[in-house]
Amino acid sequence: MSTSESVMENAIAEGLATALHNILLKISGTLQPFPNCRHMLHRKRKEDREVALEKATEPSHHHDFILAEVCRLFKARLYITQDVDFITHKPASVHDVHAYKHEDGPTPDKNTIAFDLSQNYSSPWNAFLLELLLQELQSCCREENWPIKKSDNYIREIPRDHYKCLCTIWRNAQPKVAATGHLETLGEVEACLINEWTQAGKESRQATHHRNKYEC
């Protein structure tokens with residue numbers, strides 16, 4: 001991104017944030033100075049650069065360790081033993097998600113995790129749950145005194161990526177309209193999934209063999 005584009009992006013972001021802030025405060029009958037949006041953007045970008053540098057220079061087992069703990073937490077909280085079991089996940093109800101989004105309903109249930117699988121990780125409902133899991137992960141880190149500790153900014157991307165993977169698994173397992181025009185049966189869905197997993201496993205083994213060949 002060029003310098004001029006960066007300046008324009010900052011100006012637009014600051015203008016939109018200030019306008020929204022003023023509208024909300026006018027509704028409440030008061031108008032207070034808005035924090036320096038440019039400073040907030042600068043701090044966010046600085047944090048992102050620091051995390052990117054850390055990931056680029058750290059030993060690979062650091063990321064692998066955190067990823068394994070994220071996967072372990074997801075399985076424990078979703079009551080599944082492997083990722084493929086997520087195909088049975090019962091999504092949050094449309095009514096509950098809508099009520100929470102418009103501040104008419106309670107927050108998502110913290111004990112029984114139910115994602116809104118129609119939306120990505122950034123939706124208000126899913127963002128709440130992923131942040132909850134992030135904080136639970138950090139609590140485990142402190143309580144179990146993990147040998148590898150990372151900041152929230154470092155970890156936050158990993159649960160998001162794992163959620164995206166689980167969503168893909170879930171969506172692929174939903175019945176689709178077949179070429180003949182009928183809705184796939186459970187047997188047809190199962191056969192399709194087995195074929196996809198077999199092919200994915202074959203490609204993974206080939207990639208590993210190719211990588212090991214050139215590392216030797």
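**Helix packing and pockets in a predicted chain**

Helices here are DSSP runs of H or I with at least four residues, numbered from the N terminus. The axes of α3 (residues 60-78) and α5 come within 10 Å and cross at roughly 115 degrees; axes are lines fitted to C-alpha atoms over the stretch in contact, and angles run from 0 to 180 degrees between N-to-C directions. The crossing of α3 and α5 is right-handed, meaning the near helix is turned clockwise from the far one by less than a right angle.

Helix α3 also packs against α7, at about 55 degrees and with the axes 10 Å apart. That angle makes α3 and α7 oblique to each other, and their crossing is right-handed too.

Before going further, a word on what you're looking at. This is a predicted model, where local features need pLDDT of at least 70, side-chain atom pairs count only at pLDDT 80 or more, and totals for chains, interfaces and linings use all residues. Residues are numbered from 1 along each chain as its sequence is written, and side-chain values use heavy atoms, with hydrogens and water left out.

As for pLDDT (the predictor's confidence in each residue, from 0 to 100), the chain mean is 80, and 64% of its residues reach 70 or more.

Now the pockets. On a 1 Å grid over the protein atoms alone, a pocket is an open set of points where a 1.4 Å probe fits, with protein on both sides within 12 Å along at least five of seven lines; lining residues have an atom within 4 Å of a point. The largest pocket holds about 240 Å³ of space. Of its 13 lining residues, K44, D48, N153, R156 and R160 are the closest to its centre. Helices α2 (37-57) and α7 (157-172) each give two or more residues to that lining, with α2 supplying the largest share, six.

How values were computed. Points joined across faces, edges and corners; volume = space filled by probe spheres on them. Parallel < 35°, antiparallel > 145°, perpendicular 65-115°, else oblique.
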